[in-house]
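Here's a quick look at one residue and the sheet around it. Have the viewer open as you read.

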Amino acid sequence: MSIDVPQTPQQVYDFLDVMAHHQRFTDHYLTRWRYSGPDRGVGSFATVTATLGGTKTDVSIEAVEADPPRRIVERNVSAAGRRLAHGTYIIDPLPAGGSRVSFTYTWTCAPLAERLLAPAIRATMRRANRTVMRRLAAEPARHVSAEGP
């Protein structure tokens, strides 16, 4: 899933690199954000409550890889450690300026019941992440204008 934004890859990366900024565009289904570790970069960490498909679960999110200004990988752990996933942001420059921001979420492992329901869960996640990407598109502009020239 991807969205185009007018900001440079570095501006988008600088925004996404700060874990607390993710709350701005995911709070429609990720709530109760609690942070630890550094504010940004590898090791930044949050625990959130995910409400999706009628269920609530705590999810730990940690930035585990960074390749500025192109890529950020987050590891997600939930379901008492039985669900492991990675969320990957890729930021590519556009030929006419701006950036394309892509997000991919993949399970590394999941409880059996979730694997059996994977098609329905993927559809629910796709809908939630479409909203995430639409909301994300507005946030770097707010961040850049707040920082000033």
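Setting aside neighbours within four places in sequence, Ser-99 is in contact (heavy atoms within 4.5 Å) with Ile-3, Asp-4, Val-5, Gln-7, Thr-8, Pro-9, Val-12, Ile-91, Asp-92, Pro-93 and Leu-94. Bear in mind that this is a predicted model, where local features need pLDDT of at least 70, side-chain atom pairs count only at pLDDT 80 or more, and totals for chains, interfaces and linings use all residues. Residues are numbered from 1 along each chain as its sequence is written, and side-chain values use heavy atoms, leaving out hydrogens and water.

Ser-99 counts as buried because its relative accessibility is 0% (buried means under 20% relative accessible area, with a 1.4 Å probe and protein chains only).

| From | To | Distance |
|---|---|---|
| Ser-99 side chain | Gln-7 backbone oxygen | 2.7 Å |
| Ser-99 side chain | Thr-8 backbone oxygen | 3.5 Å |

Ser-99 is found in strand β7 (strands are DSSP E runs of at least two residues, helices H or I runs of at least four). What order do the strands of the open sheet have? The 7 strands run β1-β7-β6-β5-β4-β3-β2, with antiparallel pairing (strands pair if DSSP finds at least two bridges between them). At the edges sit β1 (2-5) and β2 (30-36), each pairing on one side only.

Over in β3 (residues 45-52), the antiparallel pairing with β4 (residues 55-67) covers 8 bridges, and Ala-46 stands opposite Ile-61 in β4. Helix α1 (residues 9-16) packs on the sheet, touching β1, β4, β5 (71-78), β6 (83-93) and β7 (99-109).

Methods. Axes fitted to C-alpha atoms, helices over the stretch in contact; angles between N-to-C directions. Buried < 20%, exposed > 50% of the residue type's maximum accessible area, 1.4 Å probe, protein only. Polar contact = N/O pair within 3.5 Å; in protein donor to acceptor, adjacent residues only side chain to side chain.
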